[in-house]
Amino acid sequence: MIITSSSTSVAANSTIILLDKCTTLSQVRQIHSYMIKTNLVTTHSLSVAKLISGFSESSNPSQAVMLYAHMLFCVHDLKGIEFSVPSVIKACGRSRAFREAHQILAHVLKTRLWYDPFVTNSVVRMWLELGEIELARKVFDRMPVRDLISWNSLITGYLRDVFMTMKVKDVVTWTTMISACVLNHRPRKGLDLFREMLRIGIRPDAPSIVSVLSAIADLGFVEEGKWIHTYISANKIDRSGSSFIGSALVNMYAKCGQIEHAYHVFRSISHLKNIGDWNSMISGFAIHGLGHEAIKLFLEMEMAELKPDDITFLGLLSACNHGGLTNEGQFYFQTMQVKYNMVPKIQHYGCIIDLLGRAGHLQEALRITYHMPLEPDVLIWKAILSASMKHNKVETARIAALRAIELDPEDSSCYVLLSNMYAKVGMWDEVGKVRTMMKKRGVRKIPGCSSIFVNGKVHEFLIGKAMDLGDNENVHCMIEEMVSKLKLEGYEPDLNQVLLDIEEDDEKESQLALHSEKMALAFGLMNIPHGIPIHIVKNLRICCDCHSFMQMVSKIYKRRIVVRDQNRFHHFENGSCSCNDHW
DNA sequence: TAGAAGTATC
């Protein structure tokens, strides 16, 4: 557990680490009063809230409950302690503290906290975590405000409950759960379930393998993927023409950054390749920015007289988009309509609009947006927004952002992009307004998270924070070293990338240096031997500063770096990136 | 007895 603020002193960090190891209330009390005395933590709510929230996610969540109780009884003038309630509720669930769970619910019911969906949703999740489906339902039925999160929690709870109560489960039961996890963006849970299924002796079949490969592809864990690949061969899992295994393997290797391996698997498919096999390979080339390779494969497919479908064209257009092949993209957008008589779907429009926008043809992109036979969706407006930002069209960006927000008010990325644009041109008042709008609507920015596989283990990083505490301090030192080394070579931090309205450039710079992908990179440099590429997976799009940072590191440290961001792969080598700054 | 659960997507 650690405080996330970059300005936190090393002393405070060490003390908090110490706190994390306490097992009794008296120990927590002792150290906490020491922190107050030495001014490491004031009795102000913010630092206590951080402590409690940190504890609630730590390996010993009961400490959050203890500290909260301690604060309530011993520090009477503590303002804002109610902000810690959701963390305490979470901690009750995680530490299986039934008695405290009932107590805190009684407290919530008596106060205005009952009208805060953030709090009541936490209560629902707590009961579900504790296996109390009926109690969760009772709270759900009675809570005054229900939002999407409330419904999602309940569905997940019911699903898990049904699954847990089934005494006899077969491979289909497990596969249903695994694919539900993948669909709900919980690939790690899906992989865990697959392992559990193997452990209890259920033999996987083709669909279960396909599901878990999809989870692994999302995670980018190539070692796990190789293990499944070996398992398929050793156990002669069905690889007939009707199977999806070929395409799932190609997809897995491509999304794990091993495009050559994906291609090798594609070529070695022994049965007559089905459309899915081709589509996976074309889409694989697309995320690696290999536009020409995708086109070549498409032509080969045509030669083989295989009829492309809408996903083939989406892959192809996306490949042209990521490869910067503007003319080719427009040509194939026509081809699908004229030669193949296909009606483009919203996704095809999205792709071609994005392609035109990136290439600087913003007017043409807008023309299509306003004249297409379908209603433009949020992704199209986001494409227009990105293009406008890239070419400094503030007014178009503003219109596009507002349309996107109107269509999906809960999508934080639209607000972030808009705020990003205002920040870029220094309109800090507008940045503030966007932030207020987000706050009012309860929209929260998705935190950037990067992961890296080192020595058989996945290490995750959030901004300024290694999930594995042991890594944290070394990584911070390494980043400092890297920044100074790069500055000597001309690196200038791109402070426009910092979305917060921070006045001081120093503070902006330290925020920037702590981006999760830089943390993962520093960790990789320290722990991955020379000659072996450093693979990083990021949940969001890589920012411009991190992109140029990686380019420079690849040159100065003579390392190959492969980053998979939300959209595509970036292969950094000798100072340049495979995306040619086109992403 | 077969079937269910499964891939590729801006």
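I take buried as under 20% relative accessible area, exposed as over 50%, and partly exposed as anything in between. I am working on a predicted model, so every value here is computed from it.

**Entry 1: the chain overall**

I began with chain A. I found 29 helices and seven strands in it. I then checked burial. Of the 583 residues in chain A, 51% are buried.

**Entry 2: Arg 188 and Glu 460**

I listed the salt bridges next and got 16 in the structure. Side chains of opposite charge can pair when their charged atoms come close. I picked out Arg 188, which forms a salt bridge with Glu 460. Their closest N and O atoms are 3.5 Å apart. Arg 188 has 35% relative accessibility, so I log Arg 188 as partly exposed. Glu 460 has 28% and is also partly exposed.

**Entry 3: Arg 195 and Glu 224**

I stayed with helix H11 and moved to Arg 195. The side chain of Arg 195 meets that of Glu 224 in a salt bridge, at 2.6 Å from N to O. Glu 224 lies in helix H13 (residues 222-234), so the pair ties together parts that are 29 residues apart in sequence. Is Glu 224 buried or exposed? Glu 224 counts as buried because its relative accessibility is 17%, under the 20% limit. Arg 195 is partly exposed at 35%. I also noted a network of salt bridges that links Asp 192, Arg 195 and Glu 224.

**Entry 4: Asp 411 and Lys 382**

I checked one more salt bridge, between Asp 411 and Lys 382. The closest N and O atoms are 2.9 Å apart. Asp 411 is in the loop between helix H23 (394-407) and helix H24 (412-424), while Lys 382 is in helix H22 (residues 378-390). The pair links distant parts of the chain, 29 residues apart. I find Asp 411 buried, with a relative accessible area of 16%. Lys 382 is buried too, at 17%.

**Entry 5: the surface near DNA strand B**

I turned to the DNA. How many residues surround DNA strand B? I count 29, and the closest are Asp 205, Phe 244, Ser 247, Gly 276 and Leu 379. Of the atoms of DNA strand B that come within 4 Å of the protein, 43% belong to sugar and phosphate. By class, I have 10 nonpolar, 15 polar and four charged residues on this surface.

I then looked for atoms that approach the bases. An N or O atom in the side chain of Asp 205 is 2.5 Å from a base nitrogen. Phe 244 uses a backbone N or O atom, 3.0 Å from a base nitrogen. For Asn 279, a side-chain N or O atom is 3.4 Å from a base nitrogen.

Several helices give two or more residues to the surface near DNA strand B, including helix H10 (171-183), helix H12 (206-219), helix H14 (245-255) and helix H16 (275-287). Which element gives the largest share? I have H10 down for that, with five residues.

Note on methods. Residues numbered from 1 in each chain as written. Chains lettered and ligands numbered in written order. Predicted model: local features only at pLDDT ≥ 70, side-chain atom pairs only at ≥ 80, totals over all residues. Heavy atoms only, no water. Salt bridge = Lys/Arg side-chain N within 4 Å of Asp/Glu carboxyl O. Buried < 20%, exposed > 50% of the residue type's maximum accessible area, 1.4 Å probe, protein only. Helix = DSSP H or I, 4+ residues; strand = E, 2+ residues; numbered from the N terminus. Near = heavy atom within 4 Å. Polar contact = N/O pair within 3.5 Å; in protein donor to acceptor, adjacent residues only side chain to side chain. Nonpolar A, V, L, I, M, F, W, Y, C, P; charged D, E, K, R; others polar.
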